[in-house]
Amino acid sequence: MSDKLFSLTLLSAQLVNSPSLPFVPLQKFRSPIALPPSRIIDLTMAQTSVSPPPLRPSKANTHKYKVALCQLLVSPDREENIARARSRIEAAADAGAMLIVMPEIWSCPYSLEILASYAEDIDGGVSPSISMLSEVAAARKITIVGGSIPEKASGKVFNTCCVIGPDGQILAKHRKETSSSRSLIHSQVDRNLQ
């Protein structure tokens, strides 16, 4: 597209939205008209354009609720971390929080070298961390985004986040394979090749 035709297009678009200037349709011109660039800028920056007002949410269907974001000190003692997390979750629920979000890898130190030793079997029901979250969620009728814990499944270690509903059931689960899991697989392959 030539500069002249582009200039005409900008002019026509501005004229459509300008109540003070008549609209001149493109088809009336047989050849492109050149306008100085300063005139185009003046037209495109005209004060006649009006933005629509921002949309406001309906007040009829809105509900307010509190959300708590928990941050925890983590030690090598899993039971101590679980007890600390329970205490923070219950304090947040006592303060009125209906949705509580835990941090990533809150049940143990976040170190890829030792993550596998802390991994829990969520699907097999051997997960003290998820059991605690489920118990508290059901007792308090709250939803908990479980941050993440190390999970072992299918011979791999995952950094897994579970969302626990007010009935204590797992609503959703997201698994992210850890680097230590890939390292374990590679070391097993290396041993098999030797």
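## Arg 86 and Glu 90

Arg 86 is partly exposed because its relative accessibility is 25%, where buried means under 20% relative accessible area, exposed over 50%, and partly exposed in between (1.4 Å probe, protein chains only). Glu 90 also counts as partly exposed, at 25% relative accessibility. Arg 86 and Glu 90 form a salt bridge in which the closest N and O atoms are 3.7 Å apart; the term requires a side-chain nitrogen of Lys or Arg within 4 Å of a carboxyl oxygen of Asp or Glu. The two residues are 4 residues apart in helix 3, so about one helical turn separates them.

This is a predicted model, in which local features need pLDDT of at least 70 and side-chain atom pairs count only at pLDDT 80 or more, while totals for chains, interfaces and linings use all residues. Residues are numbered from 1 along each chain as its sequence is written, and side-chain values use heavy atoms, with hydrogens and water left out.

## Overall fold and surface

The chain has 6 helices and 6 strands. These are DSSP runs numbered from the N terminus (helices: H or I, at least four residues; strands: E, at least two). In sequence order the pattern is α-α-β-α-β-α-α-β-β-β-β-α.

The chain has 194 residues, of which 32% count as buried. Its accessible surface is about 12,600 Å², and carbon and sulfur atoms account for 58% of that; accessible areas come from the Shrake-Rupley method with a 1.4 Å probe, and for residues only the protein chains shown count as cover. Of the contacts (heavy atoms within 4.5 Å) between residues at least 6 apart in sequence, 59% join residues at least 24 apart.

The structure holds 10 salt bridges. Side chains of opposite charge can pair when their charged atoms come close. One of the bridges joins Asp 94 to Arg 140, with the closest N and O atoms 2.5 Å apart. Asp 94 belongs to helix 3 and Arg 140 to helix 5, so this pair ties together parts that are 46 residues apart in sequence. Asp 94 is exposed at 58% relative accessibility, whereas Arg 140 is partly exposed at 31%.

Another bridge pairs Lys 173 with Asp 123, again with a closest N and O distance of 2.5 Å. Lys 173 is in strand 6 (residues 170-177) and Asp 123 in the loop between helix 4 (115-118) and helix 5, so the pair links distant parts of the chain, 50 residues apart. Salt bridges that share partners join Asp 123, Glu 151, Lys 173 and Arg 175 into one network.

## Aromatic rings and a nonpolar patch

Arg 175 also lies over the face of Phe 158, at 5.1 Å from the ring centre. A charge sits over a ring if NZ of Lys or CZ of Arg is within 6 Å of the ring centre and within 35 degrees of the ring normal. The structure contains 0 aromatic pairs, a pair being rings of Phe, Tyr and Trp (its six-membered ring) with centres within 6.5 Å, classed as stacked if the planes are under 30 degrees apart, edge-to-face if over 60 and tilted otherwise.

On the surface, Tyr 65, Val 67, Leu 69 and Met 98 make up a nonpolar patch with about 450 Å² of accessible area together. Patches consist of residues with over 30% relative accessible area and no salt bridge; like charges are joined within 9 Å and nonpolar side chains (Val, Leu, Ile, Met, Phe, Trp, Tyr) within 5 Å. Met 98 sits in strand 2 (residues 97-101) and is partly exposed, at 40% relative accessibility.

## Buried residues

Ser 129, in helix 5 (residues 128-140), is buried at 0% relative accessibility. Leaving out residues up to four places away in sequence, Ser 129 touches Ile 82, Trp 106, Ser 107, Glu 120 and Ile 149. Arg 78, in helix 3 (residues 78-94), is buried as well, at 16%. With the same exclusion, its contacts are Ser 107, Ser 117, Tyr 118, Glu 120 and Pro 128.

Pro 103 is in the loop between strand 2 and helix 4 and is buried at 13% relative accessibility. Beyond its neighbours within four places in sequence, Pro 103 is in contact with Cys 70, Gln 71, Leu 72, Gly 146, Gly 147 and Ser 148. The C-alpha atoms of Pro 103 and Ile 149 are separated by 9.3 Å, the two residues being 46 residues apart along the chain.
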